[in-house]
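Try each task before you read its solution.

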Amino acid sequence: MSETHAHAANCCDDMPKGTLTVDQALERIQSAVPLVSGIERVAIREALGRVLAVDVHSAVDVPSHTNSAMDGYAVNSADLPGEGEAKLKVIGTSWAGRPYTGTVGRGECARIFTGAAMPDGTDTVLMQEAVERDDDTIRLLARHKAGENVRHAGEDLAQGGLVLEAGHWIRPADIGVLASVGVPEVNVRRRLRVAFFSTGDELRSIGEPLGKGEIYDSNRYTIYGMLKRLGVEMIDMGVIRDDRDATRQAFKDAAAIADVVITSGGVSVGEADFVKETLDELGKVDFWKIAMKPGKPLAFGFVDGAVFFGLPGNPVSVMVTFYQFALPAMKSMMGCRETFTPTFRLPLVDSLRKGKGRTEFQRGILERDASGQPVVRTTGEQGSGILSSMSRGNCFIILPRDSEGAQPGDIVEVQPFDGIV
């Protein structure tokens, strides 16, 4: 399904025993995942959210001609007065798309509009508000600088220059930049194919009545939403019951059609022995214990050649482990150079409790205080089953392993949800 990355390695090789830190887990995953094969050529409007596969260079200068950045008057800087004032004669007009074709001599100027080509003999634009006009004469004072309000040819992008680099995640501005250099199509990496399913006899689909001990399968819908925003091809395989043959067949079917297989549930101690049996038979997977909260249990490896992520069963743990581990890994597989979300530091409004030894990803709300300054506060209860905390929140508050919590006014690390995809 994919070509092996230069650093690909079996995730089980030399695996440290015991609990991994978040950074150790990330490093192991990133060094093991392969780069998908396959390149597609698409129209630039269809390239949004895709990863560029080949560098794009410009065939033209942008802007293509030296032009005015303002409505005003194009002059020769030699006519700018060093002191006092000067008067210049208006001899013509340069419009955007209809340039003035004559030459502006000394003591002369041309009316010019934003985007219009600079007439021969001029190198400076005076804003129309900065001069006084009387019939065909303008009066200007000694307060202007040579070259002001002029955009030079190739100032944005030079002919032959690099426009976008391979591995760039294409965003709305990039589509406009590609259009500005006249590029109608680009080469992008093919979409990643991801199969996902939930495991457990207690899970029921929406619309079914719940019996005692049964719950609705929310994890599969959450995973769908996260994958949808990533822009991958999704194969939703539903809920797999706790049965040895059904579990084995689900993994084989998923690995046969997908680059990545994601499951929720069945990776904690004592859970879903059929999952572990199947993975031992079909793949090479270590069940990591990561020093983090929520999301301590996480399985990562390969199943019949496909990359495998076994996410925990608790709803918040599913989202935390997906965003912190599965998402950057899949971006890497797609050839994206930017795989991790930037964080920043803000004052905390509330007090947060935490024990030493685990990195915690608490849910927070970014907002402005009464003085208009950005701050962050907690969503409240932080249990791994409180999915509504992810809905109410708009960021993770990341508390390091050696932290014992935080108090109002402390500066904490924040990772916004909207920056993840």
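**Exercise 1. Find which residues make the nonpolar surface patch of about 420 Å², and say where I206 lies.**

Solution. Step one: the nonpolar patch is made by I206, L210, Y216 and Y221. Patches take residues with over 30% relative accessible area and no salt bridge; nonpolar side chains (Val, Leu, Ile, Met, Phe, Trp, Tyr) are joined within 5 Å, like charges within 9 Å. A salt bridge here is a side-chain nitrogen of Lys or Arg within 4 Å of a carboxyl oxygen of Asp or Glu. Areas come from the Shrake-Rupley method with a 1.4 Å probe, and for residues only the protein chains shown count as cover.

Step two: I206 sits in the loop between β15 (203–204) and β16 (215–216). Helices (H or I, at least four residues) and strands (E, at least two) are DSSP runs, numbered from the N terminus.

Step three: I206 counts as exposed because its relative accessible area is 61%. The classes are buried under 20%, exposed over 50%, and partly exposed in between (1.4 Å probe, protein chains only).

Before you go on, note that this is a predicted model, where local features need pLDDT of at least 70 and side-chain atom pairs count only at pLDDT 80 or more, while totals for chains, interfaces and linings use all residues. Residues are numbered from 1 along each chain as its sequence is written, and side-chain values use heavy atoms, with hydrogens and water left out.

**Exercise 2. Which residues gather in the patch of positive charge on the surface?**

Solution. Step one: list K289, K293, K296, R353 and R358. Lys and Arg count as positive and Asp and Glu as negative, with His and the chain ends not counted. Each charge is placed at NZ of Lys, CZ of Arg, CG of Asp or CD of Glu.

Step two: look at R353, found in strand β24 (residues 352–353). R353 is classed as exposed because its relative accessibility is 75%.

Step three: return to K293, whose peptide bond to P294 is cis, with omega near -5°. P294 belongs to the loop between β20 (292–293) and β21 (297–303).

**Exercise 3. Is S264 buried or exposed, and which side chain does it contact?**

Solution. Step two: S264 is buried, because its relative accessible area is 2%.

**Exercise 4. Where do D135 and D304, each with a positive phi, lie?**

Solution. Step one: most residues other than glycine have a negative phi, and most peptide bonds are trans. Step two: D135, with phi of about 55°, is in the loop between β9 (132–134) and β10 (137–141). D135 is exposed, because its relative accessible area is 66%. Step three: D304, with phi of about 50°, lies in the loop between β21 and β22 (306–311). D304 counts as partly exposed, because its relative accessibility is 39%.
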